[in-house]
Amino acid sequence: MPAVYILTNRTNYALYIGATNCLNRRTYEHILKLVPSSFSAHYNTLKLVYYEIFDDELTAFRREHQLKNWHRQWKRNLITNANPKWHDLTDTLLP
């Protein structure tokens, strides 16, 4: 299940955008901080606040690139429109 996702920290300030072919696995890799020197681990972006599912990896990676080039406020608006209270969506993922 290819996906683009956005993680944030406790204060909803830091935003991490990524793309993956397995959102469940990748989310838990972030939570476990498997790469301690990564941006995600450094800024504690452990809360999944947004994701989009795609039919193929290429489309997901193109969307990731697009979102990374957006202004910060556009990203915040995207999240707020889909998830107004910025709840952690990790529990909504299928096992």
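Mentor: Let us begin with one residue, and keep in mind throughout that this is a predicted model. L32 is found in the loop that lies between α1 (23-31) and α2 (39-42).

Trainee: Is L32 buried or exposed, and why?

Mentor: The general idea is that a residue counts as exposed when its relative accessible area is over 50%. L32 has a relative accessibility of 60%, and therefore it counts as exposed.

Trainee: Which residues form a nonpolar patch on the surface with L32?

Mentor: The patch is made up of Y28, I31, L32, L34 and V35, and together these residues have about 490 Å² of accessible area.

Trainee: Now to the strands: in what order do they form the sheet?

Mentor: In general, the strands of a sheet pair through backbone hydrogen bonds, and the pairing is either parallel or antiparallel. Here three strands form an open sheet in the order β2-β1-β3, with antiparallel pairing. β2 (15-20) and β3 (47-53) are the edge strands, each of them pairing on one side only. From one strand to the next, the twist averages 20°.

Trainee: How many bridges are there between β1 and β2?

Mentor: Strand β1, which covers residues 3-8, pairs with β2 over six bridges in the antiparallel sense. As a place to look in the view, take I6, which stands opposite I17 in β2.

Trainee: How many aromatic pairs are found in the whole structure, and how should I read one of them?

Mentor: A search of the whole structure finds four aromatic pairs. To read one, look at the distance between the ring centres and then at the angle between the planes, where over 60 degrees counts as edge-to-face and under 30 degrees as stacked. For Y5 and Y16 the ring centres are 6.1 Å apart and the planes are at 40°, so this pair is tilted. Because Y5 lies in strand β1 and Y16 in strand β2, the pair ties together parts that are 11 residues apart in sequence. Y5 has a relative accessibility of 0%, so it counts as buried.

Trainee: What is the arrangement of the rings of W70 and W74?

Mentor: Their centres are 6.1 Å apart and their planes are at 80°, so the W70 and W74 pair is edge-to-face. W70 counts as partly exposed because its relative accessibility is 22%, and W74 counts as partly exposed because its relative accessibility is 46%.

Trainee: Which residues form one aromatic cluster?

Mentor: That cluster is formed by Y5, Y16, F39 and Y43.

Key
Residues numbered from 1 in each chain as written. Predicted model: local features only at pLDDT ≥ 70, side-chain atom pairs only at ≥ 80, totals over all residues. Heavy atoms only, no water. Pairing = 2+ DSSP bridges. Helix = DSSP H or I, 4+ residues; strand = E, 2+ residues; numbered from the N terminus. Axes fitted to C-alpha atoms, helices over the stretch in contact; angles between N-to-C directions. Patch = residues over 30% accessible without salt bridge, like charges linked within 9 Å, V, L, I, M, F, W, Y side chains within 5 Å. Areas by Shrake-Rupley, 256 points an atom, 1.4 Å probe, with all protein chains shown as cover. Salt bridge = Lys/Arg side-chain N within 4 Å of Asp/Glu carboxyl O. Buried < 20%, exposed > 50% of the residue type's maximum accessible area, 1.4 Å probe, protein only. Phe/Tyr/Trp six-rings, centres within 6.5 Å; stacked < 30°, edge-to-face > 60°.
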